[in-house]
Amino acid sequence: MAPDASIARAAVEAGAPTNPTEAKVRELAKAALSEGRVDYLIGWRHGYDRSQVIPGFVRTPEEADQLVVNPLVHHNLVTFLKRNMPDPPNARVGVCVKGCDSRTLVALLQEELVDKERIYVIGVPCQGTIDRRTIEKAFSDEVVDLAFTPETVTATTRMGETKEFQKADLLRKQCSVCHYPNPRYADDMAAEPVTPRAEGELTWPAIEEFEAMAPADKDAVLAEAFGKCIRCFACIHVCPVCVCWDQCVCRSRRPALVGQRVAPEENLMFQMIHMFHVAGRCPSCGACDQACPIEIPLYLLHQKMNKELYDMLGFEAGLELDQKPVFQTFDVDDPLGEH
Amino acid sequence: MKFLAQEQLQAFLGHLAEESRVVVPIKGDDGVVLFRPWTAGVEPELDILLAKQSAKEYVFRQSETYLRYGYAMAGEAAASTSGEDVHAAAPEDDPEARAAAQDAAVTAHAGLKVETVNDAPAQVIFGLRPCDARGFVQMDNVFGGYGGFYFDPYYNAKREATTLVAVTCRDPRSTCFCTSLGGGPADTEGADVLLTQAEGGFTAEASSDKGEKVLDFPEMGEAAQAQALYAETVKEQAATRVERAFELEGVRENLRANIEDPGWHDLCMRCISCGTCTYVCPNCYCFNITDEMVEGTGERLRTWDNCFNPSYTLETSGHNPRVVKSNRFRNRFSHKFWYYPEKYDSLLCSGCGRCIRYCPTKIDLREVIRTLGQPHPDQAAPAEDGEAAGVHAQTGEDL
Amino acid sequence: MRIGVFVCHCGTNIAGTVDSKGIAARAAELKDVVHTEDLVYTCSEPGQAAIQKAIKEKGLTRVVVAACSPHMHEVTFRRTVEGAGLNPFLFEMANIREHCSWIHEDYGMATEKAYEILKMSVAKVRQLEALVPNEVSVNKDVLIIGGGISGIQAALDLADAGLKVTIVERETTIGGTMARLDKTFPTLDCSACILTPRMVDAAQHENIEIMAYCEVEKVQGYVGNFTVDIRKKAAMVDWTKCIGCEICVQKCPAKAPDVFNVGLADTKAIYIPFPQAVPKRAAIQVDHCRWFQQGKCKVCERVCPADAIDYEQKDEYVQKEFGAIVMATGLDVFPWEDYYHEYGSGNIPDVISGLQYERMLNASGPTQGHVLRPSTMNIKGTEPEEPKTVVFIQCVGSRDESVGRPYCSSVCCMYTAKQAILTKSHTGMDTEIFVFYIDIRATGKGYEEFVKRAQTEFNVKYVRGRVSKLYEDTVDGGRKVIVRGVDTLLGKQVEVAADLVVLASGITAAEGSVQLAQKLNISYDEWGFYKESHPKLRPVETNTAGVFLAGACQSPKDIPTAVAQASGTAAKVLGLLLRDKLKTSPQIAIVDQNRCVSCWKCVEVCPFSAPQKEEQRDGTSKSKIIETVCQGCGICVATCPVNCITLKGFTTDAIIDQLEELLLV
Amino acid sequence: MAQATHTNQAAGTTPSDAEGGVKVVGIVCNWCSYAGADGAGTARLKQEYELRLLRVPCTGRIDPLFALKAFEKGADGVLISGCHPGDCHYSEGNYYARRKFELLDRMLPHLGIEPDRFKYTWVSASEAARWQKVVNEFVGQVKALGPREGRAL
């Protein structure tokens with residue numbers, strides 16, 4: 001079997017484990033691979049430099065030593081399980097999931113969109129992941145290395161400049177108020193459960209400012225944000241619960257729900273189609289926010305959607321296997337009045 | 001060699017803006033740098049960062065309406081038809097006029113009204129990188145009638161009206177590899193003017209008549225020796241900073257040889273099949289054509305397309321020669337380093353590295369070329385190869 | 001594509017507010033429209049002929065008619081275009097009457113709106129495709145819900161025509177309201193004398209099965225193929241053994257309120273509503289039975305000669321198949337006690353409802369036909385008194401906005417006249433009778449004459465006016481009900497000291513009619529009366545194919561009207577079921593399996609389980625919709641994320657085209 | 001040219017083309033609200049002009065994206081109406097619809113669209129008067145807001 005390219009030809013070697021969870025993930029991965037329980041396993045590894053973490057596809061126990069777990073592991077690897085993504089399609093796949101990732105997996109399992117029998121899931125309790133782009137913007141130079149303590153992140157640039165950040169300031173939007181850092185579904189856990197950053201009623205601080213705006217101001221913000229969209233479909237293809245992809249209605253000309261002209265209103269429509277189609281399965285994992293090359297604040301939409309679904313029906317996506325997505329079921333006594 | 005003092009920059013842009021739209025890299029509130037129309041007082045982001053999107057958008061629009069048409073009663077249409085005359089008027093050697101004539105001819109059909117849209121305001125793209133400028137040269141081949149191939153009136157009208165003012169890449173990124181492709185951080189190919197950071201401003205060199213015209217700015221003096229020297233060192237140092245990514249020698253042949261290499265599957269595994277790399281690329285030019293019509297009134301659009309799009313090369317029959325991700329993945333690199341070179345005798349990549357930086361999963365073009373652009377061991381993968389078998393199962397194609 | 005547009009004047013109904021000629025002319029500018037024409041009455045024979053002529057001569061491939069509501073004439077025009085050789089589903093209607101000319105006044109604005117509606121229809125018709133109906137075989141059995149006179153009549157008519165009929169009656173006997181009536185107006189012939197033979201006919205008819213003491217629990221399926229779950233309520237008596245001898249009833253020591261006699265008397269815990277009950281079978285009212293309440297007694301079990309008592313009996317469920325369903329659930333008497341506090345809310349013994357009085361007049365009723373003052377009944381040592389002065393009050397729970405009943409119950413005027421006449425024949429001509437009324441509605445055959453008789457021959461005093469208050473008082477040592485009202489003709493207050501007051505309580509929909517309607521998915525109005533498909537064109541059909549209406553469940557009716565409607569309904573049911581195969585609507589959903597991503601959302605949401613997982617050659621599964629099961633609601637279509645399900649006739653393309661056509665500026 | 005040709009077809013001004021006029025789209029189910037609107041017509045209950053109705057079999061057929069599409073294409077208001085919960089001709093359609101429209105109703109203000117521009121409600125076949133009330137109130141409130149300007153969607 002050909003060695004996996006992303007490992008065999010890796011630019012950056014991972015080296016010794018930097019934390020217990022990372023060590024455990026490698027251990028579990030090795031076991032699964034050496035015992036032949038999976039054909040390959042998906043974790044996280046360094047990209048072209050140590051400040052980058054990317055999805056890592058591991059085929060041999062040796063390659064498992066390249067896997068890393070640190071605050072950069074934002075990629076939701078569940079997306080590589082969805083329809084037409086796995087290669088070959090019928091492989092037995094191991095996958096590492098954080099809390100939010102696991103919810104998207106649960107959502108897929110609820111609708112039998114992933115074959116439970118063919119996956120091995122390593123649960124990775126999550127202390128919150130950071131947005132590397134925030135760091136990059138703090139320099140005019142290029143960030144090439146990042147070092148972590150539980151509370152801090154130290155960035156080093158190409159020219160050797162270093163700067164220390166509070167991890168809390170770098171957390172991704174949904175991480176800072178995460179109620180579910182611990183995987184909801186996993187075969188093995190890579191660490192003891194962690195205490196959530198937030199408990200009790202859900203809150204969505206990231207969208208409050210926008211919510212408070214007057215309609216005209218919202219229009220302005222949205223027109224600017226979505227005017228930049230290049231329709232690359234990264235948001236849609238990276239979305240683990242957006243399963244149509246090659247048949248996506250956003251590409252369809254019959255019916256033509258959205259026009260092909262790239263303009264703010266069309267782009268917003270384009271994005272709302274995505275939102276309504278993942279409603280009930282989207283836990284706001286933020287994969288789309290991270291994937292967008294133009295950094296469009298998609299969380300403005302999916303967080304609002306989830307906030308309202310929670311407010312309407314107390315609904316939270318992907319919590320339990322026996323739960324049904326919000327639009328695939330109803331309750332005669334839904335507390336919904338006409339408006 | 002002229003010299004543009006830092007404090008003259010705004011005045012200079014203002015001067016350019018008198019006669020044309022000026023497009024510059026601008027850092028938005030969200031810290032994202034994009035090429036956008038300049039307005040007085042706005043500071044162009046010339047320092048380090050590559051703009052997230054290449055400047056190609058301003059010549060090869062992401063979506064461009066080039067035809068408007070409408071259904072009308074035969075009577076009206078007949079009245080409006082003057083297609084033949086236009087056709088007669090079109091000189092043989094003027095492709096644009098001929099295109100216009102064809103449109104006019106279409107309107108001769110009763111009941112149909114057709115109007116070409118081809119707005120091409122004069123514009124200066126200021127502050128793009130040499131790699132971006134070089135990208136235009138490669139697109140020029142495709143749309144400019146190279147070797148008697150298709151001449152595209154819409155692209156060329158805009159290209160014609162556009163002046164490119166490039167800035168030397170003082171601090172190339174770790175993902176830059178222009179030098180591996182025969183370019184360089186101070187390359188002038190495609191650029192009309194090259195600015196280079198020097199003490200207190202920029203040295204400015206015109207490399208075309210358009211460039212000369214742009215530099216015809218009274219307040220701009222000649223560069224002092226020191227400034228010229230400084231600029232030279234900047235250029236030299238920059239060149240040394242760009243890492244050597246791979247050897248170009250033999251890449252075209254090896255890609256052909258490795259076309260069925262399982263390595264394509266290995267490499268594309270983390271690809272999410274989005275179009276980011278192609279849309280931020282200064283060279284990629286694939287497009288799609290769509291009619292947006294209501295009640296017989298509508299417009300014909302040309303929009304960017306990309307080879308990762310699952311419906312790319314989807315045929316009317318429903319068959320798609322590139323049925324799986326790896327097929328489409330392979331196309332992008334083969335196109336840049338094999339198909340295009342064979343047709344146009346140059347590369348379809350200028351080494352800006354955007355596709356690497358902005359890929360959601362950091363797929364690395366250099367890695368791909370290093371792997372499959374070179375003769376490599378997996379080439380003669382045995383038939384019982386698990387990977388090959390898997391692929392076989394997926395595509396139904398014999399690898 | 002060659003579209004023909006026909007704009008109707010509908011006399012002045014449309015043309016009075018909309019420039020039909022003008023918009024027809026303008027429609028000629030629309031893409032693909034090759035023929036436009038305005039017609040005075042498009043639905044008339046010449047109108048339809050014009051359409052067919054144009055289709056043939058101009059080779060039209062699509063037709064739009066701008067006229068009334070599709071609910072009115074869509075079927076008509078589909079037939080028209082089909083007659084000219086065009087597929088009937090290549091037709092679309094623009095509703096410029098109900099939705100435009102009738103609701104607007106400004107000629108210019110209404111005309112523009114009509115034109116926009118027309119344009120939307122043209123946009124839609126472009127998207128329509130030729131459709132061919134499916135055929136399903138028909139189950140010829142009929143379910144009739146309700147065993148009153150309407151249900152019985154429909155059952156007999158259908159059974160005589162050779163169809164198998166099942167009557168489901170929730171009481172222990174059929175007969176319904178009519179069984180409680182004494183005489184019937186205007187002929188004064190005895191209600192039982194007409195009804196009971198019909199009840200027996202039904203019971204003995206080889207094609208009729210009577211399921212008494214049963215209720216419809218669940219209805220599935222569609223016209224021609226309904227599957228109905230029926231609950232047999234536990235009577236605690238084995239009806240296969242019970243012979244209806246009534247010994248148990250006589251011996252039973254436990255009293256229970258007599259529902260049949262509207263509480264005028266008591267019955268026993270084990271009971272048979274009335275002597276001519278069909279089936280004549282006993283049932284135990286568990287709430288009042290000593291055995292069930294106190295755990296001792298079992299008298300009935302001991303005395304029953306047929307050994308039919310079964311205290312262990314449980315509800316049973318049976319499932320049956322039917323091709324059509326007739327709703328004949330009848331009526332209830334308006335619960336006046338809850339609304340008319342000025343009439344004593346039922347606390348004045350000598351104020352009773354019309355139906356109670358009906359029982360009192362009836363020879364087999366609680367008073368054996370003697371008219372008595374309830375206040376004087378059942379008092380030891382004293383004889384009950386006959387009333388000397390009787391007051392009838394009309395429109396109690398009818399034509400009264402204040403109690404939310406604006407409609408006329410249509411029978412009260414007549415039954416009051418009847419009861420007034422009967423009173424005299426029971427208590428003598430010297431009895432003084434007053435009738436307080438608003439208007440007299442005597443529209444039926446011989447009705448007006450009947451009321452005249454009451455007024456002249458029987459000297460019943462009609463007072464035009466409402467009664468504002470009823471209260472008890474002692475007048476010359478006697479206990480009276482003081483009736484305070486107004487005579488609007490004389491324009492002065494009147495007061496009558498009455499011995500008995502009979503309220504002409506109105507008609508309301510039968511209890512549970514709404515819940516039942518929801519089981520069958522048929523429409524009902526705010527009072528629970530079932531809604532007909534069209535008051536004139538489809539008066540006995542509902543909007544749910546295969547479900548029909550008979551009697552008072554649709555609206556208050558007297559017996560002649562109810563019976564007439566029942567027979568009409570029977571004719572409609574026959575018209576449906578005499579066919580061996582039924583065409584199903586082709587406007588159903590279909591899956592494009594090439595685009596299906598197997599997410600099974602359609603399977604999840606379909607109320608009819610029409611989408612199924614179909615295994616493909618490559619081992620994967622795709623969704624497939626079973627044509628004959630699909631009802632064409634389109635829930636799956638709106639749920640399918642890739643839009644690979646198409647609802648024929650209501651495609652997403654058509655909807656979007658209509659939107660864009662309308663919003664195009 | 002073509003664009004112009006089209007609008008010329010509408011000689012005179014429609015209420016919606018008129019200055020300050022609005023375009024209101026109504027999507028209604030065939031069995032209840034469309035019939036209710038018919039009833040209102042038969043009873044000659046006068047209504048605002050600006051509403052244009054699309055007929056679908058069931059509110060369950062209505063993809064909330066249709067409403068978004070309408071707004072994107074320039075609608076100033078969208079009204080959706082069907083059978084009362086429990087009365088759906090297909091027994092469940094409006095229950096599914098209710099959830100979707102409730103979410104849409106809550107999302108629209110987030111997209112810069114005033115709450116008064118969207119309404120979902122239930123009008124039965126027998127509620128002609130209610131239909132008139134719903135139409136006049138809704139179209140009234142949309143007219144009060146006027147045409148949408150500077151919209152992002």
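Two strands count as paired if DSSP finds at least two bridges between them. Helices (H or I, at least four residues) and strands (E, at least two) are themselves DSSP runs, numbered from the N terminus.

Good morning. What I present is a predicted model, in which local features need pLDDT of at least 70, side-chain atom pairs count only at pLDDT 80 or more, and totals for chains, interfaces and linings use all residues. Residues are numbered from 1 along each chain as its sequence is written, while chains are lettered from A and ligands numbered from 1 in the order in which they are written.

Let me begin with chain A. Strand 1 of chain A, residues 40–46, pairs in the parallel sense with strand 3 of chain A over three bridges. Within this pairing, A:Ile42 has A:Val95 as its bridge partner in strand 3 of chain A. Strand 3 of chain A also runs parallel to strand 4 of chain A, to which five bridges join it. There A:Gly94 stands opposite A:Tyr120 of strand 4 of chain A. Between these two strands the chain passes through helix 3 of chain A, and the β-α-β crossover is right-handed; that is, with the strands pointing away from the viewer, the path from the first strand over the helix to the second runs clockwise.

How many of the five residues of strand 3 of chain A are buried? Five of the five are, so to speak of the strand as mostly covered rests on this definition: a residue is buried if 20 or more other C-beta atoms lie within 10 Å of its own, exposed if 12 or fewer, and partly exposed in between, with C-beta atoms placed from the backbone. In a regular strand the side chains alternate between the two faces of the sheet. Here A:Val93, A:Val95 and A:Val97 point one way, A:Gly94 and A:Cys96 point the other way, and all are buried.

I turn to helix 3 of chain A. This helix, residues 99–110, has twelve residues and reaches 16 Å from its first C-alpha to its last, close to the 16 Å expected at 1.5 Å a residue; the expected span is 1.5 Å times one less than the number of residues. Why is helix 3 of chain A described as largely enclosed by the rest of the structure? The reason is that eleven of its twelve residues are buried. Among them are A:Gly99, A:Asp101, A:Arg103 and A:Gln110. The buried residues of the helix pack against strand 3 (93–97) and strand 4 (119–123) of chain A. After the helix comes A:Glu112, whose phi is positive, near 55°.

Next, the domains. Chain A is divided into domain 1 (5–136 + 172–189), domain 2 (137–170) and domain 3 (205–313), with bounds that come from an automatic or database domain assignment. The centres of domain 1 and domain 3 of chain A, taken over C-alpha atoms, are separated by 25 Å. In contact across this boundary are 19 residues of domain 1 and 19 residues of domain 3 of chain A, where contact requires that the C-beta atoms of two residues, placed from the backbone, lie within 7 Å. On the domain 1 side, helix 3 of chain A provides the largest share, six residues.

The contact between chain B and chain A takes 53 residues from chain B and 44 residues from chain A. Helix 15 of chain B gives the most to the chain B side, with six residues. Also in chain B, strand 4 (residues 63–71) and strand 12 (residues 297–304) run antiparallel and are joined by six bridges. B:Ser63 stands opposite B:Thr303 of strand 12 of chain B. Strand 4 of chain B is also joined, by five bridges, to the antiparallel strand 5 (residues 112–116) of chain B, where B:Tyr71 has B:Leu112 as its bridge partner.

Chain C contains 18 helices and 34 strands, and its C-alpha atoms fill a box of roughly 95 × 70 × 40 Å, taken along the principal axes. Buried residues make up 53% of its 665 residues. The centres of domain 4 and domain 5 of chain C, taken over C-alpha atoms, lie 63 Å apart. Towards chain D, 47 residues of chain C are in contact with 49 residues of chain D. Which element gives the largest share of the side of chain C that touches chain D? Helix 5 of chain C does, with eight residues.
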